[in-house]
Each structure stands twice: as structure tokens, then as C-alpha cells.
Amino acid sequence: MNSAAAQLELDADVPETHVHPARATLKRLFRHRLFLSGLGLFGIILAAAVLAPWIAPTDPTKLAMRFKFRPPGSEFAFGTDNFGRSLWSRVIWGAQLSVIIGSSVVALNAVFGTLIGALAGYFRSLDNALMRVNDAMMAFPAILLAIGITAVLGPSTLNAILALAIVYVPRTARIVRSSVIVLREMEYVQAAVAAGAGHWRILRRHILPNAMAPLIVQLSFLFAYAVLSEATLSFLGLGAVPPTPTWGNIMAEGRQYMVEAPWIITIPGIALMITVMGLNLLGDGLRDVLDPRLRIQQ
Amino acid sequence: MASLVLRRVLGALPVLLIVSLITFGMMRLIPGDPSSVIGGMSATPAQLEQIRRDLGLDEPIAVQLVRWYGGLLQGNLGRSILMGQDVMSVTLQRLPVTIALSAYALVITLVLGLASGIFAALRQNTLIDQLAMMLAMLGISIPNFFLGLLMIIFFAVQLGWLPTGGYVGFTDDPIGWLRTSTMPAISLALLQVGLLARITRSTMLEVLRQDYIRTARAKGLPERLVVMKHALSNALIPITTVVGIIVSLLVSGSVVTETLFSIPGMGQLLTQAVLNRDYPMVQGGLFLVTAFLVLINIGVDVCYSLLDPRVRHE
């Protein structure tokens, strides 16, 4: 039976007052002020990223020296930079790159962080070895490790994604591991073991679904760190290579002209802030609703 | 006490061993031939050979590994290509600058973070609480280099109160150090201020709900004593553990802050080293900074054990 059919039957069986837990959670999320404001802020950036080809049709790398240093106004919504490139286009395509990088880092963390964390938490024989390496990776200061990895791989968008994934996977693995260790000892898991379920089935069906809440919360904060760290890398000249616009490299180039053309740094800076704040608020909201143990008291 | 310190140091050894292995592996993992990456496109075969010999890359990997550990034990981490100096001595010149900046930022973090967290917890659900938490959210969301740029525009360029960048050593001229370090330290600290305020607030609220707080109030203690003596001293214990993380975040953040304000610390040095493909410097510097942070964390652990008798007697 597929899950939709199972769902229908479930819904038919129960009295009308009963709400499916997933739906109840969603309902609580959409009543949560922090979550909603985060969704609103991040939604702006997400919309800009997805709609970039339509709302910013001007090539963000097209030079037009005769238009250089135009302030924001009716002609150029966000003004132009030192090469006369439209900042509206550059910031919006930069949003797309930030979202791509952030979601790639999050996806890699979801896969590898879960894998490593589940293995370490479930199989005691692996725990020690995996966690020693994990601890060592976490001992490096995050940005320094990221620039070290970029030094090895060379600066590019793909390498920034790889570097940030390598930096943050150990942190995600640690969170998954601690939930798995607790869940492993639960009676219902012991019951599954007694019923003869294999390791793979126990992990996939009984443990991991219950370890998802803290992971989802972590991933929403991670998205914020990834966007922020990527902006830092490209501000230092170690991210995507110009002329590809990223918020970090737009700000790095605008730094020389910050007195006569302050909009070149303030507009991408504000976009970055909106993204990070939106994701942080989303994370706070998700934590309050999904993971009440970690709740900051309201 | 001595056995406690010894236990923590021994516990940190495997971490340091793996950290050193990872940093050793970095230069060897460069795709293709590291010497041509270091030498650049125009290097002649003879130059490449020279680079390989200088870095010991022409030897078998096992020999390189033995050399690396032998060097580590003697404090010899190779020679920086960019600086033309020993990696260890360059680090010893630059690290104190980063430590001074991070320490300044740490003081700002502790004062502002603890004060606003405690204050917000005591005024829970009032306007002040909400305002403090909104500011904390702003603090953890504003990129430190963006804040730094805004401060440069406002305080250095428009008002002319502080220099736009540069650095004066504390021992050379304390006032000059304050003038050059204040903006970088504030922009560096703000993220951690926000984090610490949030953590302090939730820890305080947790403690204020405990039975012994109710008892303290019931026996008629003045509120000031209840807060300062009973609540705060218990809330500070778990907060101590966060200090290690905060120091690591500060060092991490100093990379971009130092570059932005032209401060000659480790962050700026390592960024330059990466941009100039100075691999011995990157690898040695990264190892030394990380080892330094591991030591700080041992110190934090020991303090935590001393503060909390339950941990001490474990």
C-alpha cells in the first residue's frame, strides 16, 4: 500500500477531532510568530533566487562604463557599480548563488552528517574512531579550516561548497549521534531488536525518523552559517571567482568606493542580513515547535 | 588538580594527533603537482625541482611524515615562502595580535552578553526582554565584515573619530591600541554577544524555576541576594562551557576582521598565505592556531571542573 492510500485509510478510521501529528505540527508552525517572520524574510530571498532570470534580465556581468556609480533611483533600482554594472542584477543573481550554495551545503550535511552520526551512535565499535576524527575537525576554527581547504582545492563555487560541507558535517554528525544514542536504548527499539529486525531496518524505520527534529533545526541554522561563511570566503577573494557576482565579492569590490558609492556595499550587506536573520528566525521557530526540550522559554 | 589537568591534556592528545595529520595531509592533497601550483605557470622545471626539494615533496610519504612529526616535536614547522621566515617565529609574532584582539572582543562579549541575558531573564516577557532578544537576534544575523564596513564609513570616514585601519601594539602605545582595536573588537564581538545573551537568558530562566530559588525567596531573602548569590552563581557554571566555543568563534571571525582593518594578526597572515599559495605557512599556521585553541579548551574544562564540584568529584 502506498503512503497516500495508507494516509486516506488512517484519516477515515479516526474520529474527526483527531488531527494527524504532522498536520498538527504544521499548524503550530504557521501560528508561530518567529517562524512566520523568518519564513517571510527568507521567502523574499528565495523568491529573488528562483525568479532571477525574469526579474533581473540584465546580464549581471555586463559592463557599461558610461553608467558607472549611478545611485539607486528610478533608472537603476539599486544603482550601479564602478563598471556600470546593474547592482539589481548582481544582487539578485548573487541571491541565487547564495541559495544554491546554502542548500548544497545543507543537502551534503543531511546525507553525510546523518550517515556518520547514525553509524557512530548506533555501532559502539565505530563510535570512538569516528568521534575522534570528528572532534579533531571541530577543533579547527571554522573559517580558517574553510580557507585551508580552499587553499588545497583552489577558489571556485564548487570548492566553496565542498569546503563548507567538510567544515560543518562533523557538527551535524555530532547532533545526529547524540539523538541516536538516546533512541538506541529506548524500549520500542529493544522490542524491535527482540522481534528480529536487522540493524538497517532498526536505524531506518525506528531510530532515524525520531532523530529528525533536532537535525532539521540544526540544518536551518546551518543554512544561515553556510551563506554567511560563503560570503566571508568570497569577501576574502576565496569563493566564486569574479565576475560571477556573489554578495561577498560585490562587497569586496565596493570597499574601495565605500565613501562615494556606499550602496555597493550596503545593498548586498542588507540582503545577506535578511537571509541570515530569516533563517535564524526560522530555526528558532522550528526548534520551539519540533524540539521542545531545547526551547528558549517564552 | 594536577591529575585533573593531566587527564585533560592526555584526553586532548588524540585530537592534536589527528589535527596534525590533517594539516600534514593538506599539502599532499593538492590536485596535480603541488610544486607547480606553488611555483605558478611560468616556473621552469629546475625551479619546480627546487621547490619540491625545499618542501621535501620529493621524498617518500613515510619519510615526509616522520620529518613532519620530528619537526613538530622540535617546534620546527618549515619555512614560510611568502615571509621568508620560519613558520614558528612568524606565528609567534602574529598570534599575540590576534590574541589581544580576541581578548578585547571576549571582554566585550562577556560584559554585554551576560548583562543583557541576565537582565532579559529577570524581566521576562516585558518590553525590555523582547527588545534585548531582538537586538541579540540582530547581533547573530549581521555579518561582522558588514558591520565593520558600516563602522568604518560612519566613525572613521564621516566623524573621523577613529582610524580606518592599521594597528598599534598594546605595549607600544596602549591608547593607540585602543584607538585601532576598538572598532575591530566591537564588530568581531557582536555575533558572540548575541549568542551569549540568548544562552544566558535561557539558562537563567531555567535556574530561576528551581526549587532552591523558591526556598530562598520563601525564607525572605532580598531579591538581590536571590539573584546574585543563588541564581547567578548556578547559571554561570553551564555558561562557562560556552566560553571555549566563543573563543573559537572569535578566532574564526578575526580572519575577516583583521583583513578588513589591516591588522597584522594570524587571520590576515593565513589569508595572505592562501592567496599566495604559501603552503608551509598555511599548514603550520593552521596547526598552531588549532593547537592553541585546544589548549584554551583544556583551560576552560579545568575551570568548569573547579567551579562545579559535581564534575570535580566524578
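Here are a few exercises with worked solutions on this predicted model.

**Exercise 1. Describe the make-up of chain B: how many helices and strands does its secondary structure have, and what does the C-alpha trace span?**

Step 1: Start with the elements. The secondary structure of chain B comes to 13 helices and zero strands.

Step 2: Turn to the extent. Along its principal axes, the C-alpha trace of chain B spans about 85 × 55 × 35 Å.

Step 3: Look at burial and contacts. Chain B has 314 residues, and 40% of them count as buried. Of the contacts in chain B between residues at least 6 apart in sequence, 70% join residues at least 24 apart.

**Exercise 2. Work out why helices H6(B) and H8(B) are called oblique, and which residues meet.**

Step 1: Locate the pair. H6 of chain B takes in residues 127-141 and H8 of chain B residues 174-208; they pack with their axes 7 Å apart, at an angle of about 140 degrees.

Step 2: Classify the angle. An angle over 145 degrees would count as roughly antiparallel, and 65 to 115 as roughly perpendicular. H6(B) and H8(B) are therefore oblique to each other.

Step 3: The crossing of H6(B) past H8(B) is left-handed.

Step 4: List the contact. From H6(B) come Ala132(B), Ala136(B), Met137(B), Gly139(B) and Ile140(B), which meet residues of H8(B) including Leu190(B), Val193(B), Gly194(B) and Arg198(B). By type, the residues of this contact of H6(B) with H8(B) are nine nonpolar, two polar and one charged.

**Exercise 3. Examine where chain B touches chain A: how many residues are in contact, and which elements of chain B take part?**

Step 1: Count the residues. 37 residues of chain B are in contact with 35 residues of chain A.

Step 2: Name the elements. Those of chain B giving two or more residues to this side are H1, H6, H7, H8, H10, H11 and H12.

Step 3: Sort by type. The side of chain B that touches chain A divides into 29 nonpolar, seven polar and one charged residue.

Terms used:
Residues are numbered from 1 along each chain as its sequence is written. Chains are lettered from A and ligands numbered from 1 in the order in which they are written. This is a predicted model: local features need pLDDT of at least 70, side-chain atom pairs count only at pLDDT 80 or more; totals for chains, interfaces and linings use all residues. Axes are lines fitted to C-alpha atoms, for helices over the stretch in contact, and angles run from 0 to 180 degrees between N-to-C directions. Helices (H or I, at least four residues) and strands (E, at least two) are DSSP runs, numbered from the N terminus. Angles under 35 degrees count as roughly parallel, over 145 as roughly antiparallel, 65 to 115 as roughly perpendicular and the rest as oblique. A crossing is left-handed if the near helix is turned anticlockwise from the far one by less than a right angle, and right-handed if clockwise. Two residues are in contact if their C-beta atoms, placed from the backbone, lie within 7 Å. Ala, Val, Leu, Ile, Met, Phe, Trp, Tyr, Cys and Pro count as nonpolar, Asp, Glu, Lys and Arg as charged, and the others, Gly among them, as polar. A residue is buried if 20 or more other C-beta atoms lie within 10 Å of its own, exposed if 12 or fewer, and partly exposed in between; C-beta atoms are placed from the backbone.
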